[in-house]
Amino acid sequence: MPAIELISIDCPEAPPLPRYPSFACRAASDLVSRRGLFQPVFDNMHGVMVNLANKELEGAKSACYAGTVMDWPCDDALLFRSETRDDVMDLMQRLLEASPQHRVAFATEYQFGGEKRECGEISLSEFFQLHDRHALRYNCLWYVRSDGRNGNGH
């Protein structure tokens with residue numbers, strides 16, 4: 001099962017988040033990965049981490065598996081289910097707004113997901129353009145910024 005972790009960079013406390021109809025999420029101020037692939041990177045960050053999870057895991061303290069959040073195409077792309085995509089975008093926008101830098105780290109980890117890669121910084125709209133083109137992969141860490149901001153948060 002894949003793990004999906006988002007960090008609202010330098011966010012001092014978890015922003016209010018709605019209950020999403022398509023997935024569960026859990027926010028924590030400790031940046032401890034549930035799987036550990038990117039933990040060395042997280043150790044150098046501050047902020048709030050949000051873990052996505054299957055909807056049936058809502059309220060579970062260890063909820064971190066997001067298998068039913070994802071679609072599983074034949075091309076190994078990281079792809080949200082159609083009913084999940086807009087909810088994930090909403091969550092990312094809320095985390096971007098809560099970040100003083102207007103940046104979110106988006107990390108995925110999947111046992112069969114290939115090589116670990118840090119993929120750089122892109123805007124939220126660019127992130128979802130890659131998503132829609134089936135160009136996102138598992139075991140990657142992206143730095144996503146608000147649309148209209150350069151790499152320095154301005």
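Mentor: Let us take confidence, then the sheet, then the helices.
This is a predicted model, in which local features need pLDDT of at least 70, side-chain atom pairs count only at pLDDT 80 or more, and totals for chains, interfaces and linings use all residues. Residues are numbered from 1 along each chain as its sequence is written, and side-chain values use heavy atoms, with hydrogens and water left out.

Trainee: What is the mean pLDDT of the chain?
Mentor: pLDDT is the predictor's confidence in each residue, from 0 to 100. Here the chain has a mean of 90, and 94% of its residues reach 70 or more.

Trainee: In what order do the strands form the sheet?
Mentor: Strands of a sheet pair through backbone hydrogen bonds, either parallel or antiparallel. Strands are DSSP runs (E, at least two residues; helices are H or I, at least four), numbered from the N terminus, and two strands pair if DSSP finds at least two bridges between them. In this model six strands form an open sheet, ordered 2-3-1-6-8-7, with mixed pairing. Strand 2 (24-28) and strand 7 (117-123) are the edges, each pairing on one side only.

Trainee: How many bridges join strand 1 to strand 3?
Mentor: Six, and these two strands run antiparallel. Ile 7, for instance, has Met 49 in strand 3 as its bridge partner.

Trainee: At what angle do helix 2 and helix 3 pack?
Mentor: Two packed helices are described by the angle between their axes and the distance between the axes. Axes are lines fitted to C-alpha atoms, for helices over the stretch in contact (heavy atoms within 4.5 Å), and angles run from 0 to 180 degrees between N-to-C directions. Helix 2 (residues 82-98) packs against helix 3 at about 160°, their axes 11 Å apart. That makes the pair roughly antiparallel (over 145 degrees; under 35 is roughly parallel, 65 to 115 roughly perpendicular and the rest oblique).
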